[in-house]
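Work through the exercises below with the model open. Try each task before reading its solution.

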Amino acid sequence: MTRLSTHDAIVIGAGPAGASVALTLARRGWAVAIVEKSVFPRRKVCGEYISASNLALLDQLEIGDAWRANAGPEIRRVGLFSGETCAEAPMPPGRDGPPAKDGPREKKDGFGRALGRDIFDCLLLQAARSAGVEIFQPCRAVAIDPDGEAQLVRIQAGHETTMLRASVIVAAHGSWEPGPLPSQLGKTNRPSDLFGFKAHFTGSSLAPDLMPLLVFPGGYGGMVSADHGRLSISCCIRRDMLAQLRKHPRHQSHLSAAEAVSRHLMESCRGVRDALESADADGPWLAAGPIRPGIRSCYERDIFRVGNAAGESHPVIAEGISMALQSGWLLACELSCAPSGRAGRETAGRRCEAAWKSLFSTRVYAAAALAGIAVNPSSASLMAAIIRNLPQALTLGAQLSGKTKPVPGFV
């Protein structure tokens with residue numbers, strides 16, 4: 001027998017975007033369900049850096065103290081590792097502060113920090129559970145069908161099927177994995193597709209307050225000191241370059257994708273070699289993709305989208321978690337003040353899309369331009385030469401990527 005559960009909103013995906021919207025709606029009196037296919041804690045392909053523009057939002061979500069207690073050191077410098085180039089410049093601080101008990105918000109300089117997704121996502125999901133969100137995990141959403149003024153979401157856990165009913169459906173499932181839902185994207189198979197890789201290391205010699213951009217033939221990446229002494233390294237590489245790297249010239253055999261990427265990074269960036277020379281791997285490399293940069297609709301076919309499902313910047317600017325958290329918050333704010341019914345949902349969708357573009361479109365376009373330069377060997381060499389002579393360009397790039405732009409409602 002199929003079980004039916006009714007809610008005000010159903011959120012598909014429990015990452016930062018989904019947890020942010022679910023938690024905010026639940027604290028405003030909504031009955032919310034989250035559907036998450038993975039068991040937590042789980043590691044995930046992600047740069048794991050959270051910029052200072054999110055500090056007040058984390059406090060609003062009531063996980064700020066836990067985040068500060070677990071996250072790595074403040075990132076006060078941004079750098080570039082490309083070939084033999086190792087350059088750095090100051091990271092622009094964010095102007096933000098925690099809510100004051102009485103009077104206006106305290107304003108002070110703040111800097112971003114990194115926290116592993118295996119820890120951060122659990123903090124968010126536990127906060128959502130404490131706020132009354134019903135969690136269906138591990139469960140996979142396999143269909144969404146109209147049901148009068150509401151919609152039915154069919155979820156599966158093994159051989160058990162459950163039907164969830166709500167008028168508001170939020171797609172927070174990301175964009176990398178294809179699937180049967182109308183909000184999921186189809187497959188691609190282009191030589192230029194970018195695949196993501198990520199690993200943790202301990203014992204790295206990278207300066208704890210430095211976050212360098214890694215530029216290498218066919219891709220780009222980043223490194224950052226995260227929680228508990230872990231170094232988080234992530235990168236994207238073109239499909240055709242990865243295929244070329246996996247052909248071992250000496251033994252005429254194929255390397256694993258992870259081994260090929262790891263060797264390529266070490267051989268292409270002196271800064272990476274220096275940082276990892278005496279480091280130890282903390283778990284295996286992870287892979288995912290292809291990534292789907294671009295701006296999509298925030299509301300289509302009566303489904304709201306947040307996080308990468310709504311739009312995705314190239315990870316070259318390390319703003320993925322920030323955009324996810326903030327897009328979830330924006331949608332929750334619009335939904336909580338919108339009239340009921342389809343007309344109210346359409347109004348909320350239009351307003352959310354306008355707010356999304358105002359907050360994120362510049363960094364999406366800036367990231368696309370920077371990624372295009374990074375994956376092209378000739379332009380990447382020129383960029384490295386410019387930054388060697390003008391390292392302040394790194395600070396400007398961090399500003400253009402949105403790392404100092406406050407979240408609406410927290411100005």
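**Exercise 1.** Is Ser20 buried or exposed?

*Solution.* Take the accessibility. Ser20 has 0% relative accessibility and counts as buried; the cut-offs are under 20% relative accessible area for buried, over 50% for exposed, and partly exposed in between (1.4 Å probe, protein chains only). Ser20 sits in helix H1, residues 16-27. Helices (H or I, at least four residues) and strands (E, at least two) are DSSP runs, numbered from the N terminus. Last, find a neighbour. A polar atom of the Ser20 side chain lies 2.9 Å from the backbone oxygen of Leu325.

This is a predicted model: local features need pLDDT of at least 70, side-chain atom pairs count only at pLDDT 80 or more, and totals for chains, interfaces and linings use all residues. Residues are numbered from 1 along each chain as its sequence is written, and side-chain values use heavy atoms, without hydrogens and water.

**Exercise 2.** In what order do the four strands of the open sheet run?

*Solution.* The order is S1-S13-S12-S11, with mixed pairing. Strand S1 (3-6) and strand S11 (140-147) are the edges, each pairing on one side only. Two strands pair if DSSP finds at least two bridges between them. S1 and strand S13 (residues 160-166) pair in the parallel sense over four bridges. Within S13, Met163 is the bridge partner of Leu4.

**Exercise 3.** Where does Leu390 lie?

*Solution.* Leu390 is in the loop between helix H10 (377-389) and helix H11 (392-400). Its relative accessible area is 45%, so Leu390 is partly exposed.

Methods: A polar contact is a pair of N or O atoms within 3.5 Å; within protein, one must be able to donate a hydrogen and the other to accept it, and residues adjacent in sequence count only if both atoms are side-chain atoms.
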